[in-house]
Amino acid sequence: MTATPETVRRRVGRRGLLLAGLVLTLLLAGVASFYASSHPDGLEFVAEKTGFSATEKDSAATDSPFADYQTAGIHDRRLGKGLAGVVGVGVVLLVGGGLFWALRRRPAAAPGAGPGPHRDPGSD
Amino acid sequence: MHVPDGFLDAPTSVATAVVAVGGVAAALRGARRELDDRTAPMAGLVAAFVFAAQMMNFPVGGGTSGHLLGGALAAVLVGPSTAILCLTVVLLVQGLLMADGGITALGTNITLMGLIGVLVGWLVFRGVLAVLPKRVSSVPVAAAVGAFVSVPVAALAFSVLFAIGGTAPVSATAVATAMVGWHLVIGTGEALITLLVVGSVVAVRPDLVYGARGLMTGHELEIRSGATA
């Protein structure tokens, strides 16, 4: 007796999917982003061509240690960009994840759902 | 499409900030219905993925590049209200930490990419899904069409804002034509990435994809204890 039909249909676990997504996200932000196109994006390009790019003002955040996806004090631009990317991913995960966890429906508080004692959110 | 400070005048920036605050407030209420113990971690990951993917500029020819906006992608994966919050968190971190997109332009960027990008992507997705076969495999295709349309529409919305409150004496028609033209090309990249990512998640866990709800065949449905009162 090996795998039952049910375990076959279990496919990828939710944690496995989250972990794979996290690894992909960190590789994109931390490694691959250095090799992304450095051409101006659509809006910057149109601003140059049609003649309003000079109206751009420096953001008040240009003093940030991670301004322009570089890291202050790191002179290797590949490392500096990778660090900025990983820090950005971490901050988005903390802020976004925290917000979504706080907003989520809780089984016990859902209208008409009862206490739901059998609910086991960590099982999949 | 991150609008820097200075492109739009103060009244226009204030107006878009008011729209953004209203939209985000509505999304904070709506997201409560979309998020639960299983989908909240997924939503955090989707926000982080959109941040990472927005660093990946791809060349679109003519010395121009584009990157994923991610509105349709996020809406299909975690629901439209949660997607608005995902994009808002990404744009806040980009604007405040990376100096990508202006500070006074935060409301503009949240309105263009968070509200318009997500809502257009979601509505087109729903419309296309309604005419496709009622199968889970239709979800990535409909998501790609929503993604494709959302990009030029957001570009057109910027052009309208520029016509109202642009600080440079430049022809609004010329800006609109160039913006929509280039973003039709960038939208193709948006569609491909969305097709790939939504297709991958749908292939392994369709039950975790918000936009696939109600499309799963019998044997894929999970029976969860405690679901009946």
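## Confidence in chain A

In chain A, confidence is highest in helix H4 (residues 77-103), at a mean pLDDT of 98, and lowest in helix H1 (residues 5-9), at 47. The model is predicted. Over residues 1-9 of chain A the pLDDT stays below 50. Beyond near neighbours in sequence, that stretch has one contact in the model.

Chain A as a whole averages a pLDDT of 86. Of its residues, 77% score at least 70.

## A hairpin in chain B

Chain B has two paired strands: E1 (residues 58-61) and E2 (residues 64-66). They pair in the antiparallel sense, over three bridges. Gly61(B) faces Thr64(B) of E2(B) across the pair.

The two strands, E1(B) and E2(B), form a hairpin. Two residues lie between them. Gly62(B) sits in the turn and has a positive phi of about 65°.

## Two packed helices in chain B

Two packed helices are described by the angle between their axes and the distance between the axes. Helix H2 (residues 39-53) of chain B packs against helix H4 (residues 80-97) of chain B at an angle of about 45°. Their axes are 9 Å apart. H2(B) and H4(B) are therefore oblique to each other. The crossing of H2(B) past H4(B) is right-handed.

Which residues in H2(B) meet H4(B)? H2(B) brings Ala43(B), Val46(B), Ala47(B), Val50(B) and Phe51(B). H4(B) meets them with Thr82(B), Cys86(B), Leu87(B), Val89(B), Val90(B) and Val93(B). Ten residues of this contact are nonpolar, one is polar and none is charged.

Technical notes. Residues are numbered from 1 along each chain as its sequence is written. Chains are lettered from A and ligands numbered from 1 in the order in which they are written. This is a predicted model: local features need pLDDT of at least 70, side-chain atom pairs count only at pLDDT 80 or more; totals for chains, interfaces and linings use all residues. pLDDT is the predictor's confidence in each residue, from 0 to 100. Helices (H or I, at least four residues) and strands (E, at least two) are DSSP runs, numbered from the N terminus. Two residues are in contact if their C-beta atoms, placed from the backbone, lie within 7 Å. Two strands pair if DSSP finds at least two bridges between them. Axes are lines fitted to C-alpha atoms, for helices over the stretch in contact, and angles run from 0 to 180 degrees between N-to-C directions. Angles under 35 degrees count as roughly parallel, over 145 as roughly antiparallel, 65 to 115 as roughly perpendicular and the rest as oblique. A crossing is left-handed if the near helix is turned anticlockwise from the far one by less than a right angle, and right-handed if clockwise. Ala, Val, Leu, Ile, Met, Phe, Trp, Tyr, Cys and Pro count as nonpolar, Asp, Glu, Lys and Arg as charged, and the others, Gly among them, as polar.
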